[in-house]
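Colleague: I would like to take a close look at a single part of this model, and I would be glad if you could walk me through it slowly.

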Amino acid sequence: MKAIRFHSTGGPDVLVYEDVPDPVAGPGEVLIKVEAVGMNFADIMRRRGDDYPEPSPPPFILGAEVAGTVAALGDGVTNIPVGLSVLAAPGAGGYAQYVVVPAATIIPLPEGFDAVQAAALLGHGLTAAIALKQAAKLLPGENVLIEGAAGGVGSFAIQLAKLYGAGKIIAAASTPEKRAKAEALGADVSVDYTKPDWADDVRRITDGQGVNIVIETAGGDTLNQALDAMAPFGRMIFLGQSSGKTALVDPWRLTSMNHSVVGFYIGAYLANADLLMATIGELIGFVASGQVKIQVGTVLPLSQAAEAHRLIEGRQTTGKVVLQPWRTA
């Protein structure tokens with residue numbers, strides 16, 4: 001089969017489109033023919049060799065979330081039909097035409113649910129939903145600031161925060177086009193978080209109170225500016241640092257305002273099968289009812305994974321970026 005691997009860490013050019021052996025489903029596993037793989041910023045971090053909670057030993061195949069069809073069953077798997085349309089979160093291995101996952105972890109898709117849309121739903125939809133409900137413990141009426149608001153996670157977070165009863169939803173994005181997109185998705189107002197004084201704008205918007213919750217994705221100087229925009233007892237959920245710059249926070253600055261900075265890694269939540277299935281079911285229901293619109297920004301053949309990485313790193317994308325392993329052009 002064809003797959004994308006990196007044999008050493010570095011820039012996008014380390015991604016190699018090559019032939020690798022077909023995987024074989026073992027006992028209790030299923031083989032999935034991958035029709036779409038959703039990309040995440042974690043893919044960029046692992047390719048670059050950044051600090052990451054899980055190892056990425058080369059040669060390594062990225063790809064944490066896939067949509068496709070069940071192609072074969074391992075021994076002991078009898079209750080899953082071959083040809084079933086499914087979602088799966090293998091954690092890695094998705095940048096390929098086939099991937100093997102435990103049978104117990106697949107998520108059947110409703111009839112007619114497009115694979116590209118499904119791949120865009122899994123990682124970013126789950127991240128936004130669980131970050132808001134479980135990590136941030138969003139309460140009705142609380143003000144929420146969402147960074148990277150036009151991106152994959154941000155576009156879900158805006159829509160879900162509204163459905164979960166948030167008060168004022170403030171979108172932070174770097175260009176007028178991205179801010180307009182975020183407002184079209186339901187943000188009440190947007191700010192330019194490339195400005196040095198953007199935290200002051202947030203305080204003006206909230207009548208001096210600040211926001212109760214920050215979905216933090218940029219890192220670097222932006223993180224400390226976001227702290228300045230938080231209300232007393234505010235909670236910051238740290239999803240990553242797309243800027244590539246580490247933020248240094250003086251713990252003393254958290255004390256007088258009773259601020260919290262909460263780390264978030266979606267991979268740890270995937271071990272909670274009940275939470276996973278309940279949240280995915282909720283998301284599929286929101287999409288089916290039209291309450292949430294999946295934002296797919298860029299769809300490329302798997303062979304162009306390096307270009308997709310360049311676009312994401314250069315902040316040139318909105319919505320989810322999806323790769324198609326069987327598409328040739």
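This is a predicted model: local features need pLDDT of at least 70, side-chain atom pairs count only at pLDDT 80 or more; totals for chains, interfaces and linings use all residues.

Which side chain meets that of glutamate 142 in a salt bridge?

Modeller: The side chain of glutamate 142 meets that of arginine 235 in a salt bridge, with 2.8 Å from N to O. This pair links distant parts of the chain, since glutamate 142 sits in the loop between helix 2 (115-135) and strand 8, whereas arginine 235 belongs to strand 12 (residues 230-238), 93 residues apart. Glutamate 142 counts as buried because its relative accessibility is 10%, and arginine 235 is buried as well, with a relative accessible area of 16%, where the cut-off for buried is under 20%.

The structure holds 14 salt bridges, and another of them is formed by the side chains of lysine 2 and aspartate 19, at 3.3 Å from N to O. Lysine 2 lies in strand 1 (residues 2-6) and aspartate 19 in strand 2 (residues 15-19), so this pair ties together parts that are 17 residues apart in sequence. Here lysine 2 counts as partly exposed, at 26% relative accessibility, while aspartate 19 counts as exposed, at 57%.

A further salt bridge joins the side chains of arginine 204 and aspartate 201, at 2.1 Å from N to O. Both residues lie in helix 5, three residues apart, which is about one turn of the helix. In an α-helix there are 3.6 residues a turn, so residues three or four places apart point the same way. Even so, arginine 204 counts as exposed, at 56% relative accessibility, whereas aspartate 201 is buried, with a relative accessible area of 13%.

Aspartate 201 also leads us to the buried residues of helix 5 (residues 198-205), which are Trp198, Ala199, Asp201 and Val202. These residues cover an arc of only 155 degrees around the axis, and therefore they are on the same side of helix 5. The buried residues of helix 5 pack against strand 8 (144-147), strand 9 (169-173), strand 10 (189-192), strand 11 (211-216) and helix 6 (220-228). Following helix 5 comes aspartate 207, whose phi is positive, near 55 degrees.

Note on methods. Residues are numbered from 1 along each chain as its sequence is written. Side-chain values use heavy atoms; hydrogens and water are left out. Buried means under 20% relative accessible area, exposed over 50%, partly exposed in between (1.4 Å probe, protein chains only). Helices (H or I, at least four residues) and strands (E, at least two) are DSSP runs, numbered from the N terminus. The arc is that of the directions from the helix axis to the C-beta atoms. Contact means heavy atoms within 4.5 Å. A salt bridge is a side-chain nitrogen of Lys or Arg within 4 Å of a carboxyl oxygen of Asp or Glu.
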